[in-house]
Amino acid sequence: MACSVTSSRDIAEEKLPGDTVHVERRRRFNINDKIKELGTLLPKNMEGSSSELNGKDGRVNKGTILKGTVDYVKELKLEVSMLRRNDELVMALRNENAMLLKRVASKVEQQLAPSKDGIIGVTFYIFVDMCENNLQLENHANRLQSLRKELNYVKETDWQYDSIEKILGQN
């Protein structure tokens, strides 16, 4: 009588009815496939990523993949909560800036309001436009002055250089 070696998997499959064996095999395949996919989704430097080979046969250890996935999900959840907190802070700062802008506008309008001397009041926004225009004019004047200096320098040092026509042999 020949003694056959049977694995625990064969014994388990013998106990299952015909269709159940195929269903169970498909279920195991799907689980293994999704674990491998999780390994490919992990960053390369993380434990359990598909770039890290742990098994003797070159396969990635399923437990390591699952552990790495749990760690990565925790890390992402922490990052999301920090981003939400930052968004809340940004909104609070925007609201505070809007409130301060209104306060400054009302104070400027009070200071520029008509006085006993009959000075015409200027609204805050017109005042800001005037300041902006003055700043642009000042920047323009500074740029013109800078260009004039450059032009004078070029005129003063012109004798040191040959003309482009002379270099190209046209003169």
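A salt bridge here is a side-chain nitrogen of Lys or Arg within 4 Å of a carboxyl oxygen of Asp or Glu. Side chains of opposite charge can pair when their charged atoms come close.

Before the pairs, the ground rules. This is a predicted model, where local features need pLDDT of at least 70 and side-chain atom pairs count only at pLDDT 80 or more, while totals for chains, interfaces and linings use all residues. Residues are numbered from 1 along each chain as its sequence is written, and side-chain values use heavy atoms, with hydrogens and water left out.

The structure holds 4 salt bridges. I will go through some of them.

Take Glu88 and Arg85, whose side chains meet in a salt bridge at 3.8 Å, N to O. These residues sit 3 apart in helix α3, so about one helical turn separates them. Helices are DSSP runs (H or I, at least four residues), numbered from the N terminus. Arg85 is partly exposed, at 48% relative accessibility. On that term: buried means under 20% relative accessible area, exposed over 50%, and partly exposed in between, with a 1.4 Å probe and protein chains only.

Staying in helix α3, which covers residues 62-111, Asp71 and Lys67 are 4 residues apart, again about one helical turn. Their salt bridge is 3.0 Å, N to O. Asp71 is partly exposed at 30%, and Lys67 is partly exposed at 42%.

Now helix α2, residues 18-41. Glu24 and Arg27 lie 3 residues apart there, so about one helical turn lies between them. The N to O distance in their salt bridge is 2.5 Å. Glu24 has a relative accessible area of 25%, partly exposed, and Arg27 is partly exposed at 42%.

Definitions and conventions. Helix = DSSP H or I, 4+ residues; strand = E, 2+ residues; numbered from the N terminus.
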